[in-house]
Amino acid sequence: MIDLTVNGATTRIDIDPATPLLYVLRDDLGLHAAKFGCGLGQCGACTVLVDDKPVFSCLLPVGAIGTRKVTTVEGLGTAAKPGDVQCAFLHEQAAQCGYCIPGMMARAEALLRTTVTPTEDELRTAMAPSLCRCGTHMRILRAVRRAAVMRGGGVVDAAEPVT
Amino acid sequence: MTRSGITRRVISAVAALCVCVVVFAIIAYRPAIATVMRPDPRVFEPALVAQGANVARLGNCVSCHQSAGGRPYAGGYPVKTPFGTIYGSNITPDPATGIGAWSSAAFRRAMREGVGRDGSHLYPAFPYTHYANVTDGDLSALYAFLMTRPAVRSVPPANTMIPPLGFRPLLAGWKLLFFRQEPITTYPRQSTAWNRGRYIGETLAHCTACHSPRGLLQQEKRGAQAYDGGWSGGWYAPPINAHSPAVRAWTVERLEAYLRTGLSTAHAAAAGPMGSVTYNLARAAPADVRALATYYAWRMRDAPAARFARPLPDRRALASQRHPDGARLYEGACAVCHEPGAAMMVAGRPALPLGTPLHEDNPRDTIQIILKGLLPPVSPRGPYMPAFADALDDRQVSEIVAYLQMRHGTGPAWTDLERDVAKARKEGE
Amino acid sequence: MSGEASRRDVLGGLLVAFSLAPAAALAQTGGGEGSGGPPTIAPDLPGTLAKFPDLDAWIRIAPDGRVTVFTGKVELGTGVKTAMAQLAADELDVAIERIDLITADTGLTPNEGVTAGSQTLEQSGTAIANAAANVRLLLAEAAATQWSVPVTSLFTRDGAVLDGQGKRATYAELAASTSLAVRARADVPRKRRAARRLIGRAIPRVDLPAKLTGLPSYVHDMRLPGMMHARVLRGPSSGTQLTPDIAALRRQPGVARVVQAGRFAAIVGPREWPLEQALRIASRARWVRDPAVPTLPPMPAGLLTMRRESQVIDNRRDDPGARGVQRLSARYDRPYLMHGAIGPSCAVALFAEDRLTVWTHSQGVEPLRQAIAELLAIPADRVRCVHREGAGCYGHNGADDVAGDAALIARAMPGVPVRLQWSREQEHGWEPLGPAMLAQVDATLDASGRIVDWRHQVWSNTHSTRPVAAGDLLAGAEIIPPFKPTPPKPIPQPNGGGDRNAIPLYRFPNQTIVSHFLPDMPVRVSALRGLGAHLNIFALESFMDELATAAGRDPVAFRLAHLDDPRATAVIRRAAARFGWARYRATPNRGRGFAFARYKNHGAYCAVALDVEHIPDEGRLIVHRAVAAVDSGEAVNPDGIRNQVEGGIVQSLSWTAFEAAGHDGTRRTDYDWSTYPILRFADVPRSVTVEVVDRPGTPFLGTGECAQGPTAAALANALASATGKRLRSMPLTGRLPTQA
Ligand code: FES
Ligand code: FES
């Protein structure tokens, strides 16, 4: 039996502790924001926050989480009441197919929890582990810059200004 | 003791000190060399520039003289030493912030003697102890190469040395103690490639800078201890002599492939600081890389793996029983790539137990690669491993490491793993 | 908007357009890739209305006033759902929130063939807009009859017909007594521009709130009661065969069932993770090379040695006597490219009561249904294919194959919904690749620096092996007896496949365009965004720069001098102006590049200008600025267009600069993102600007693929200006000098 705290709620699940968190989120908890992309830690589609850190949930055995708190994109806000990172992504219409976007938002959230005034290079470096095939990168960057401003900061040497 | 006796003693002590200071000042003093106009890049022969490019690649110059995401040779990479952090300088030909105003004589003196154009002593993090023996031809070529780089205006961060080490004349003392110029002689009984490899490895490539142990004052240990394994950026650089812990022989071919591609299918991928070495060697003259491989394969000719291929142990059941947590973590986090049947394995990437880290006498490299992962060293296409530093805590990493060593290791049992993980995290930051 | 204004607009619109031929109704319809479906039965109707002329095929109104709109096209991440909802809501005069859109479902929607070739708005959008205009008029007429007033005295607002004097009837009320099962009329006008509330506006995507908050949105997210998961067992790449130890797999924990049919094998179980573990164990098994697959000659030269069927697709001799003074030739090529969707292919299938339902992210539910019916040997009317979104596919990837796989598994387990997801490695190893291509261009300049003769030849495999029969699915070739794949054939002009955009839009007095179709396929290939346009425009537009240099002309001026299409020149001028082309000053290692094309010569016009720096010593490039101008005809959603073009630029930079699928001669060698790397954030441009040139009242022009070719050529041109070195082989970065 494993006690798992996701988005503030603790659930007890009966599962092989080696199971990567991603499968638990998607198949047991019905949380679909984190996506399966590669299962190899190469694409970031499965990224969630574990105690404020961005983590590939496809490679995190659920038994390793312990008392750490997991936050998925569902925990950032809802369609009716989106959180600020989600608002920023909606404002910029930062998605094409959208498959990579929850992972991007989780990564953005992690960055902004560390600093709301990253440099453009820090922003791009922080996002680097996540892949997007649709080429939505420019909008994703714009959205994170906007979210930084919404949190009272901003990207220091932004390549494009937030308007 | 009489009063005058005391006075005399004080006086002579002070006098002795003054003499010392003066002598030291004379020893330490180096005049500035006058600035020059930045040479017109067009005056350098393209062939000389090309030779210089190769020299720079072999010397791995860019690793210290480029910051993450910065321009090549513009400096800014932090070199961490026990005495503080030294930032690689800007060696682009920008006259104000780089070396554009340096004459070739000033450049030569810096390379050979570790003295800047303005006469200040350079920290031996800049490996002039090796460059002292670089040939005149190679130095001229390197100068020509650097002077034809795009000039970048950039000032790296200031060094943060613990006092009094920020006082550079002290470095003259260090040089007095440890800086020996022993010319590289030719060994006629060895092949041309071997001699060439030795020249490159001992001078430009400065391999001992990482692969030899260092003394209290960071001096490289020489003689029998040369190439006996050392430390770099929080990573362990394993012995590359008869004590090489590799489980498969480093033949010339394997070593050459490793140095040129960042991957040896009989060993593993180049990780940590070795990654950028292979990045540069991949772009150096192939014959020179082969020469290096020739020389270092020879240096490892008496290593255990050179004589017989050790069987690769797989004590899976035992390891799972001893380290059940490690086994579970491995199953969920590592097996997807490293167990037989994983695509990477099917495609012929080296199996985990072939990697030297598991056979080293300390766990540092195994720990670092789990914490930091691995970026493709040579080109975007290449071995990759995600970093686990954010996903797993110190205990969990140590459990995986313990499991792996129990399962595949051949060296002495590692202890105190959790502490080492914490240390690795800190040192690698 | 005030009632008065809206009344005047609406009534005016109705009156005017009844007497005049409605220009907007003359929308284009394509052919070849992206078309398909049943034959045209009402040629006077625009878009796919010509094939399904009855209004209730497209629009239905429920008693609660909600409007359901049906389209046979699918959402691929391009925002067409939003564009369709905009069109329907605006033309009908209802709030967009009241529109429910049903996309491609063989049980519900018109058969619109495959969603591809940037033709969704041209075909389906045109149909829906015109159907909506028809429905609105029909309801207004019903009210007019009821109230015994002329229809021109009425107007519509927010889902109701009004007479302006206080009478009001909702669409729901009117629809209750009005049949929509009537044929659309060709003469019904679309709304006038001034009266539009939604068309032409940057309406936010209707699907994003769900996707951005984790609500189930993709076929991957489907969880049906009693559903089982499945994994299919295959060798490491296309062209290999695996011989798994089936008995051992049956004993594997978590494996409830092994489904086998000939060489096809899959494992099924209640949980995903144990299946992943079992899949890994299965993959230890021996695999052999498929003897049926021919070896691949070294590329790209190998393309010239393959069997070919050559065809002159364009030949013009307007000025045979023109005197050339300078002749240039060059060869351009690209390697095999992956689609590389971020989510691996996935499908859910349920076989119950002798009927099969497959939820799929295929781009063509109708042809897929035929192929699956044949695969399972059941009548097509017992198969229903329902589209559910997947990750952006950019062409024919594993979507159809995985649906075929899931269908086979589901049939073996009646009553149990089966969800099959490919592994990353399977996606990399098995999805059909975008074909490798080679083009040779020769041209002659006269003494005044004008091109007087142009010859373009292109060598390519087919650009579509989209399934139309069981043999086109991977599983079809694995079951016993195996099905044969449909023989490939070229896609004819004006769309073209390998020769797409091989015919220049420029006015050259003499030109010959030859398409060399290569029928033998050592590598399984199929449609990738833009098909042949990527390489042909790369070649054409790189060569235009080479010729401009030879003629001593500015590349932009040189292009304008050879164009007589005012929309083309407008787009070029707009991009050049926004980029600051004339003011640009090159600095060492940094240069500008320009390129232009009209996609397929009848889709969107797109011009791209890039400001690129080459870092010697690293062979790396930095795209400082990308500026594009695009004319998509009438812009339904300008932000949607911008999003497509921005994404197209970034994706094309990735293809052109970095990508090449690996092959060792006998099989493919890529299995993950480390072996097939794509662009990451570190390498994306510092800024991308897209200007939309709106042309209200003109037909929609396909936009989704228009940036791929121009971006590729603009990059090569910019690198030539930055480094002095002309690169003609993709990927370009591998060929950059590492030392200046
Ligand atoms: S699915 Fe986890 S990184 Fe790709
Ligand atoms: S939006 Fe499609 S993968 Fe990023």
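This is a predicted model: local features need pLDDT of at least 70, side-chain atom pairs count only at pLDDT 80 or more; totals for chains, interfaces and linings use all residues.

Trainee: Why is the pair C:Asp221 and A:Lys35 called a salt bridge?

Mentor: The side chains of C:Asp221 and A:Lys35 come to 3.8 Å, N to O. The cut-off is 4 Å between a Lys or Arg nitrogen and an Asp or Glu carboxyl oxygen, so the pair qualifies.

Trainee: How many salt bridges are there between chain A and chain C?

Mentor: The count is eight. Polar contacts between chain A and chain C come to 31 residue pairs, both residues at pLDDT 80 or more.

Trainee: Which helices of chain A supply at least two residues each to the side that touches chain C?

Mentor: Helix 1 (21-28), helix 2 (84-91), helix 3 (101-114), helix 4 (120-127) and helix 5 (137-150) of chain A do. Helix 5 of chain A gives the most, six residues.

Trainee: What is the make-up of that side of chain A by class?

Mentor: The side of chain A that touches chain C has 31 nonpolar, 13 polar and 13 charged residues.

Trainee: How many residues take part in the contact of chain A and chain C, and what area is buried?

Mentor: Chain A gives 57 residues and chain C gives 61. About 5000 Å² is buried between chain A and chain C, 55% of it on carbon and sulfur atoms.

Trainee: Now chain B. What makes C:Asp617 and B:Arg149 a salt bridge?

Mentor: Their side chains meet at 3.0 Å, N to O. The limit is 4 Å for an Arg nitrogen and an Asp carboxyl oxygen, therefore this pair counts. The count between chain B and chain C is three salt bridges.

Trainee: How many residue pairs are in polar contact across the interface of chain B and chain C?

Mentor: The rule finds 11, both residues at pLDDT 80 or more. Helix 2 (46-59), helix 15 (324-333), helix 16 (335-338) and helix 17 (343-346) of chain B each give two or more residues to the side that touches chain C. Helix 2 of chain B has the largest share, four residues.

Trainee: Which classes make up that side of chain B?

Mentor: The side of chain B that touches chain C has 18 nonpolar, five polar and eight charged residues.

Trainee: What are the contact and the buried area between chain B and chain C?

Mentor: In contact are 31 residues of chain B and 28 residues of chain C. The buried area is about 2300 Å², and carbon and sulfur atoms give 48% of it.

Terms used:
Residues are numbered from 1 along each chain as its sequence is written. Chains are lettered from A and ligands numbered from 1 in the order in which they are written. Side-chain values use heavy atoms; hydrogens and water are left out. Contact means heavy atoms within 4.5 Å. Buried area is the accessible area (1.4 Å probe) that two parts lose on being put together, summed over both. A polar contact is a pair of N or O atoms within 3.5 Å; within protein, one must be able to donate a hydrogen and the other to accept it, and residues adjacent in sequence count only if both atoms are side-chain atoms. Ala, Val, Leu, Ile, Met, Phe, Trp, Tyr, Cys and Pro count as nonpolar, Asp, Glu, Lys and Arg as charged, and the others, Gly among them, as polar.
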